[in-house]
Amino acid sequence: MVNWSEALEPIAAWFRSLGIPEPIVQWGHPLMMAIVIFVLGSYVAWAGWQGKLLEGTDKDAAIKSRISHRQLAPLWFLFLAGGYTGGVLSLVMQHKPLFESPHFWTGSLVLGLLLVNGVISLSGFGGDKKALRAVHAYLGTVAIAILFFHAVLGFNLGISL
């Protein structure tokens with residue numbers, strides 16, 4: 001079995017050699033990810049729901065929201081994946097265990113959920129099936145809710161380090 005901390009240690013050692021101040025190592029990931037989750041993530045979720053809820057009343061606004069959602073959701077996923085990587089490296093840099101934290105597991109779960117959601121979207125919702133559109137909307141909502149809980153877990157982890 002791979003010891004991920006050992007495997008990532010050369011990368012973490014290189015980052016440690018840069019002399020990054022300890023508060024940035026400990027709090028840089030949480031600060032950047034708070035912006036990604038609470039600002040960009042909230043907007044992506046809001047735009048997705050606006051596109052869904054307005055389709056029967058204001059088609060132009062619905063289309064505009066869907067376009068915003070479609071453009072920003074992949075970027076949001078990339079920022080989350082990059083932040084996930086940064087968080088893992090931050091733990092390795094601080095010589096902390098990776099797999100013991102519920103914060104690690106909720107982050108992994110969210111990336112998996114959003115990956116499934118991206119596949120649903122890229123499939124064209126299975127030929128524009130309403131059921132898959134609904135699954136996409138609710139799965140995304142579950143992911144953002146878990147991310148809010150994830151942020152609380154991350155804050156608790158940060159103050160415990």
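Start by selecting Asp 128 and Arg 133, whose side chains meet in a salt bridge at 2.6 Å, N to O. The term salt bridge is used here for a side-chain nitrogen of Lys or Arg within 4 Å of a carboxyl oxygen of Asp or Glu. Asp 128 is partly exposed, with a relative accessible area of 48%, and Arg 133 is partly exposed as well, at 23%. On this scale, buried is under 20% relative accessible area, exposed is over 50%, and partly exposed lies in between (1.4 Å probe, protein chains only).

Before moving on, note what is on screen. This is a predicted model, in which local features need pLDDT of at least 70 and side-chain atom pairs count only at pLDDT 80 or more, while totals for chains, interfaces and linings use all residues. Residues are numbered from 1 along each chain as its sequence is written, and side-chain values use heavy atoms, with hydrogens and water left out.

**The other salt bridges**

How many salt bridges does the structure hold? There are three. Side chains of opposite charge can pair when their charged atoms come close.

Select Arg 66 and Glu 55 next: their side chains form a salt bridge, with 2.5 Å from N to O. This pair links distant parts of the chain, eleven residues apart, with Arg 66 in helix α3 (residues 59-93) and Glu 55 in the loop between α2 (22-53) and α3. Arg 66 counts as partly exposed because its relative accessibility is 27%. Glu 55, at 31%, is also partly exposed.

Then go to Glu 9 and Arg 16, a salt bridge in which the closest N and O atoms are 2.8 Å apart. Glu 9 has 24% relative accessibility, so it counts as partly exposed. Arg 16 is partly exposed too, at 29%.

**Zoom out to the whole chain**

Show the protein chain as a cartoon. It has six helices and zero strands, where helices (H or I, at least four residues) and strands (E, at least two) are DSSP runs, numbered from the N terminus. The order of elements from the N terminus on is α-α-α-α-α-α. Along its principal axes, the C-alpha trace spans about 55 × 30 × 25 Å. Of the 161 residues, 33% count as buried. Among contacts (heavy atoms within 4.5 Å) with a separation of 6 or more, 73% are between residues 24 or more positions apart.

**Helices α4 and α6**

Two packed helices are described by the angle between their axes and the distance between the axes. Select α4 (residues 102-122) and α6 (residues 130-160). They pack at an angle of about 160°, with their axes 9 Å apart. Axes here are lines fitted to C-alpha atoms, for helices over the stretch in contact, and angles run from 0 to 180 degrees between N-to-C directions. The contact of α4 with α6 involves 17 nonpolar residues, nine polar and no charged. Ala, Val, Leu, Ile, Met, Phe, Trp, Tyr, Cys and Pro count as nonpolar, Asp, Glu, Lys and Arg as charged, and the others, Gly among them, as polar.

**Last stop: His 103**

Stay on α4 and select His 103. Is this residue buried or exposed? His 103 counts as buried, because its relative accessibility is 14%. Not counting residues up to four places away in sequence, His 103 touches His 29, His 150, Leu 153, Gly 154 and Leu 157. For a distance to check in the viewer, the C-alpha atoms of His 103 and Ser 42 are separated by 19 Å, and these residues are 61 apart along the chain.
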